[in-house]
Amino acid sequence: MTWEVVIGLEVHTQLTTKTKLFSGSSIQYGAEPNSQASLYDLAMPGTLPVFNRAVLDKAILLGLAIDAHIAPKTVFERKNYFYPDLPTGYQISQLALPIVQNGHLMIEMEDGSEKKIRINRAHMECDAGKSLHDEVYGMTGIDLNRAGTPLLEIVSEPDLNSAKEAIQYLRKLHQLVTWLGICDGNMQEGSFRCDANVSVHKPGTPFGTRAEIKNINSFRFIEDAINHEVERQIEIIEAGGEVVQETRLYDPDKNETRSMRTKEEANDYRYFPDPNLLPIVVTDEMIDNVREIFPELPEALAARLVSEFGLSEYDASVLIQSRAMCDYFGAMVKLGSEPKMTANWLLGEVSATLNQKGVLIDEFSVNAEQLAGLLARIQDKTISNSIAKKVFETMAESGETADAIIESQGLKQVTDTGAIEGWVNEVIEKNPKQVEQYKGGQTKLLGFFVGQVMKLSQGKADPAVINELVADKLK
C-alpha cells in the first residue's frame, strides 16, 4: 500500500532590527563572542526587559502579508528549559495569545495548480545563545551574542505532503519575509532556519507519530532530511516497530537523522505569563500605520511588470525574486530607460557580475542612475551594444560613469557612412569565397560579413549601417 506523508514546518526568522528583543545590545553578525551581551542578556539579578517596538511592527507586517488575524491583545510567556546557552533558564516566547494567527500562503504545484498552506501562528520570541564545541579542545564554549535576538517563529499547519511541497512553501516564505524587509533571509548565518515535523500513515487512518527534525538551514538539506525521515519511519513501521515522538538532528555528511532527545509537549515547558512584561494591546491605528508602509507584493508586481511594461512573464518572475532588484529596475525606468532593455541587462550582464563578485544588487558599485546612463548611450546610438558591455565592465571595476569612460577611451560609435563603407569594401575584398557562397544563396553569411566589419572597426561601427551596406553591395 502507498503511504501518505504529513509535514508541518516551524520557521525561525531573525528580524532585521538593530537591537535585541528586550535589550539595547546589537545583533550584528560576526562580532567577537560575548561582546554583544548586556547584563540583561546575561540574566544578571535586578535587570528588567524593555520591549523593542520595531519587532511588533514587523510582526504586524507579516500578518498583513499572509492575510492573518492580528491579535488585539498579545502576551509574552516564559518557556522553561535548561541549556548552557540559556542563562535565564527560560525563553521569552508566546503560546496562548500569539501576535499573528490563522494566515496562509499559496504554493504552486507541479501541475500548475495552487495549494493553500495554512499558517497556524507567527509569534515573537527571543533566540538562545550558541554552544561552540570546536573552539577549545575537550570543552564547550558559550557565546551569548545571539541570546535575546528577536525572532518570529512561523508555524504552518500539517498541510504539506511531500518534501517538494515543503521546499515550495519555504521558498515562498523566504521570498516574502525578505521582500517585506523583516528578515535578511541569510540561511548560512541562521537568519532563516527550519524545524520539520514529519509523520507517515496509511490512507484513511489517523496521522502517525511525528518526529521533529531540528534547525536545518539550507533548502537542499531540508529536502534531503525530510525524504530520509520519511524512509526511516516507513521502514520502522513495515518492520513491525513503532515511531517514537522525538527531536532528531540531520547529518548532511551521512544523509541521516539521529535522535537528540524525546520530544517535549507544551506542558513540559511549564509556560506561564512573564511577570515582568505587561500584555501588549494592538490598536487599529497601530495596524493602519504599518499598512501605510506595506509594499506591493511579488505576485501583484509581476502582473504589473507584464501589463504596464510589456515584460515577458518569465522575466517578471525572475525579477520579483528580489525586491532590491525590482526597486533598481523601477528607478532605471523612471530615469527613462527602456523597460525591456533594462530587464535584459539586469537579468544578463548585471546578474552575472553580481554572482561573480558575490554581492547583492544593493551593494553593487554601479547604481541605477549610472546604469541608466549607459543604456541611454545605447539608445541614442553613441555606442553599440557590444561596446556597452565593455564599458559596463569598466564601470563595475572603476565606478566611473559611462560618459566618462566613452570619452576617455574614444569609444563613440561610428555612424559616418563613408568610413563604414571603406571597412565593408575591405572585408568583401578579403573574403571572395564567402562572397560567392552568399550570392549562391547562403544568405546566412550576412552575419559573418557584419561580424568582420565590426571586428575591423573595433566594435565602433553602427551595426544597422553595416547590415544595410553589406546587403546592398552583395546584391
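Start by selecting K115, which sits in strand β7 (residues 114-126); strands here are DSSP E runs of at least two residues and helices are H or I runs of at least four, numbered from the N terminus. This is a predicted model, where local features need pLDDT of at least 70 and side-chain atom pairs count only at pLDDT 80 or more, while totals for chains, interfaces and linings use all residues. Residues are numbered from 1 along each chain as its sequence is written, and side-chain values use heavy atoms, with hydrogens and water left out.

Is K115 buried or exposed? K115 counts as buried because its relative accessibility is 18%, and the cut-off for buried is under 20% (exposed is over 50%, partly exposed in between, with a 1.4 Å probe and protein chains only).

Now show the side chains of N161 and E165. The K115 side chain makes a polar contact of 2.7 Å with that of N161, and one of 2.7 Å with that of E165. A polar contact is a pair of N or O atoms within 3.5 Å; within protein, one must be able to donate a hydrogen and the other to accept it, and residues adjacent in sequence count only if both atoms are side-chain atoms.

Next, jump to helix α10 (residues 385-398). Colour its buried residues: I387, A388, V391, F392, M395 and A396. They pack against α8 (339-357), α9 (368-379) and α11 (402-409). Finish on G399, which follows α10 and has a positive phi, near 80°.

Key:
Expected span 1.5 Å × (residues − 1). Contact = heavy atoms within 4.5 Å.
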